[in-house]
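Here is a protein to walk through together, one stop at a time. Keep the picture open and follow along as we go.

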Amino acid sequence: MDNDDNFNSENEQQDIDNEFAMQGDDDDDNAPAFIQADDDGVVEVQVDEDDVPMDDDNDDDNDNVVDSAAPAAPDASKLRLAAHSGPVFCVASHYSPDTHTLSIVSGGGDDKAFLHCINASNETTSSSHFLEHAHTDSVSSVAMNVDYVDENKIPRMIAVGAYDGAVCVYDYDSQTHLHTYEGPTDVEWLAFHPKGGSVLLVGSAADYTVWMFHLMLKQCLQVFVGHTAAVTCGCFSSDGKWALSASSDGSLRVWAPRTGNAKHVIRFNNVTNDEEAAGLTCMSVNGGADGQLVIVGAEDGQAHVCHVKTGKVVASLRHYQVPTNMPMSSNDDDDDDEVDLPMSVEAVSFCPSVVNPNWVATGGCDGVLKIWDLTNGQCRQICNIADAAAVVTNDAAAATQQPLSPMNTTGGITRLQWHPTLPLVFTSCTNGSIYIWDARNGRLVHTMAGSDDVINDMNICFVDEGRKAIVSTACDDNLVRVHDVDVMAVMEASVEMRVHEVDVMAAKKANVAL
């Protein structure tokens, strides 16, 4: 086995070896609560069910609180966290079943990051803790290692990255600032190693590099150099053996962590421009029966599925199709004649293997979610907000339907996430709403309105064995929103909608026969 192909540490680097250990062989209260930080960065809020803080007569004290009369559609969020004074760009969340505590880390355009702690059992006690490092530019990415750590060996940590290039690490339990790492010119994304959670991967848009830090040793282990444009996304492979990165230069790279060499450099054809590679925008791993597939979305409307170990392109999926009646741009130099098409694929994710290891989802600027079957490379469902005839109301148990309002008919997809054991896909959109789709039939089964502003990021905790979903979103209106979804009621509503459709079709056939 070549040293370039796997990351094996010497005895004196036992902590690192644990991180990259080889696996196998070589191969109902609908009233929202507002949380607003004080000057010290901490606030405790007790929410009275009959006195939600929306109607304060003193406007000067409510700069970060949403006006209750704003959106045309009701805001379905359970909580609105108003600690930020600028747009919120990123969120990460974790739910502790032992303490019934929901923890959310958020970062935004106010150059700040917060840890929000919410008592999920009653949703009446919450706090927002300012994470103390004084960033000089927007906080662009946040991450937690809580899901990966053995608490007897590795502490639970929070990582915060900003466009000023600083990567700050905090103790999850005490919010103590542990260390600030420097090196990248800016930070576009962060990702913890899935085996132990003590190694952090950091991507830079400005200097085209990827950095790897060991948080216990407080050392930079590796700098991966080779991209020629912004590194837009990345992570470790699901088995922890490889570091992956994708870039605006159009390449997907699989790196050997020990040597820093690229095992694979994978490039893709641009369907709109043969001379220039389409930039890559998003990534997901752990696909296929062996968990070795990676998918990347591209600016030209394609998504590409590759095998991490072999570097082979398994499939290229055409998410966006240019309309046949689209007028061609003129051949002169007048840029006003060019049509700006919503082509880019902005979100991708593999279906959990327990549901179907051959399914994958893509979401684009066009607002369309597509479900693909990798056994034949065909699109099996097209989920389009504009084409949906009805949605389930926020009370999913009622299984009632209402026409789509105008605010729900537009908006590109910014994030998507699968339910871990059910064929449901959650999408967040630029129109401020969240949608839940049944991947089996492409039906829109539930919608959650938020604000009219863009949802920049979404993270979901599934609790009570997946029966409940707690959805956290980062919004352009300076708020972190928390939505609460009864997943089983949504599934029941989907079944009822299908029964209703069958009855309607049968009635139509009977009328035709008459």
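Predicted model: local features only at pLDDT ≥ 70, side-chain atom pairs only at ≥ 80, totals over all residues.

What kinds of residues make up the lining of the second largest cavity, by class? There are four nonpolar residues, four polar ones and one charged one.

You'll find Gln-302 in strand β22, which covers residues 302–307. Is Gln-302 buried or exposed? Gln-302 counts as buried, because its relative accessibility is 8%, and the cut-off for buried is under 20%. Setting aside residues up to four places away in sequence, Gln-302 touches Asn-269, Val-271, Val-296, Gly-297, Ser-316, Leu-317, Arg-318, His-319 and Val-345.

Now for the greasy part. The largest nonpolar core has 29 residues, and Leu-201, Leu-252 and Met-283 have the most contacts inside it. Two or more residues come from each of these strands: β12 (189–192), β13 (199–203), β14 (210–214), β16 (231–236), β17 (243–247), β18 (251–255), β20 (280–287) and β21 (293–298). Of these, β16 gives the largest share, four residues. Zoom in on Leu-201 and ignore its neighbours within four places in sequence: among its contacts are Trp-189, Val-210, Met-212, Phe-224, Phe-236 and Leu-244. Apart from this core lies another one, of 18 residues, including Ala-92, Leu-131, Val-139 and Ala-166.

Most residues other than glycine have a negative phi, and most peptide bonds are trans. Tyr-208 is not a glycine, yet its phi is positive, about 65 degrees. Tyr-208 is in the loop between β13 and β14, and it is partly exposed, with a relative accessible area of 34%. Where does Asn-286, another residue with a positive phi, lie? Asn-286 is in strand β20, with a phi near 70 degrees. At 47% relative accessibility, Asn-286 counts as partly exposed.

Let's finish with the cysteines. How many disulfides are there? The count is zero. Take Cys-379: the closest cysteine sulfur belongs to Cys-383, but the two sulfurs are 8.0 Å apart. A disulfide needs the sulfurs within 2.5 Å, so the gap at Cys-379 is too far for a bond. Cys-379 is partly exposed, with a relative accessible area of 28%, whereas Cys-306 is buried, at 0% relative accessibility.

One more cysteine deserves a look. Cys-365 is in the loop between β25 (359–364) and β26 (368–373), and it is partly exposed, with a relative accessible area of 36%. Cys-365 and Ile-413 are 48 residues apart along the chain, yet their C-alpha atoms are separated by 5.8 Å. Leaving out neighbours within four places in sequence, Cys-365 is in contact with Pro-342, Ser-344, Glu-346 and Gly-412.

How values were computed:
Residues numbered from 1 in each chain as written. Heavy atoms only, no water. Buried < 20%, exposed > 50% of the residue type's maximum accessible area, 1.4 Å probe, protein only. Core = buried A, V, L, I, M, F, W, Y, C linked by side-chain atoms within 4.5 Å. Contact = heavy atoms within 4.5 Å. Nonpolar A, V, L, I, M, F, W, Y, C, P; charged D, E, K, R; others polar.
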